[in-house]
Amino acid sequence: MIDPSLMGRLSFTPTAPTKPPLQPGRHNLGIAEERDAILYVPTGLEEEVAVPLLVMFHGGGGSAEKVLPFLQEHAERNQFLLLVPQSIYPTWDIVIGGNGPDLQRLNQALTEVSSHYFIDPDHFGFAGFSDGGSYALSNGITNGDLITHVIVFSGGFMSVFMQEGAPKVFIAHGLSDEQLPIETSGRPHADKLKAAGYDVTFLEFNGNHSIQPPIVKLAVEFFLK
């Protein structure tokens, strides 16, 4: 029997918190000595209330510090938890050779977050940029019985071996993307998902291979609906 994790299935299951909430701000979760996952906790979260959780995956060669600034202010203003894992290698395992150590560390990070907070089962999202967008899209669709929203900023590919649930999908891609052309990534991904019955919001914008703050704002609104 094939290990479901090899196909991108998470072993994580949300549970009731067993630890007190964390103080507002950024926290290293302690799951790795290097390139640890970071959790941003907004000010004023109510205790014992289900909290939306958005997981943001950085691009190839990136880091948590590169993508946190695009979403931290939104997390603070809209009162959602922001989890930013980091790939062990320069990019995510699924890009290099298949699901493996990064998925395992993601399970650990999610378990740690769940030990402090009730995760809102209606607002649990995966988001990502570039290779991170591919990771969010692939594993978000694979775990759609758990993940409710998938947000893809200029993602490159979609690798799905099993489909579960029906997460809502937001795809944004630049018309002048020089690294991952929209004709071979954003557009066909949106078309395939729509044909499969997914609720897809697809946005083309005038821009290159980058994260656009106005697009991020629209994506956060999509996530919190």
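On a 1 Å grid over the protein atoms alone, a cavity is a set of points where a 1.4 Å probe fits but cannot get out, and a lining residue has an atom within 4 Å of a point. The model searched here is a predicted one, in which local features need pLDDT of at least 70, side-chain atom pairs count only at pLDDT 80 or more, and totals for chains, interfaces and linings use all residues. Residues are numbered from 1 along each chain as its sequence is written, and side-chain values use heavy atoms, with hydrogens and water left out.

Searching the whole structure turns up two cavities of 30 Å³ or more (a volume being the space filled by probe spheres set on the points, with grid points joined across faces, edges and corners). The largest cavity holds about 40 Å³ of space. Its lining is made up of Ile31, Ala37, Pro85, Gln86, Trp92, Asp102, Arg105 and Leu106, or five nonpolar, one polar and two charged residues by class.

Then there are pockets (open sets with protein on both sides within 12 Å along at least five of seven lines). The largest pocket has a volume of about 230 Å³. It is lined by 17 residues, of which Pro21, Glu47, Glu48, His116 and Tyr117 are the closest to its centre. Eleven of the lining residues are nonpolar, two polar and four charged.

As for helix packing, the axes of α1 (residues 64-78) and α6 (residues 213-224) come within 10 Å and cross at roughly 40°. Phe70, Leu71, His74 and Asn78 of α1 meet Pro213, Val216, Lys217, Val220 and Leu224 of α6 (heavy atoms within 4.5 Å). This contact involves six nonpolar, two polar and one charged residue.

Key:
Nonpolar A, V, L, I, M, F, W, Y, C, P; charged D, E, K, R; others polar. Axes fitted to C-alpha atoms, helices over the stretch in contact; angles between N-to-C directions. Helix = DSSP H or I, 4+ residues; strand = E, 2+ residues; numbered from the N terminus.
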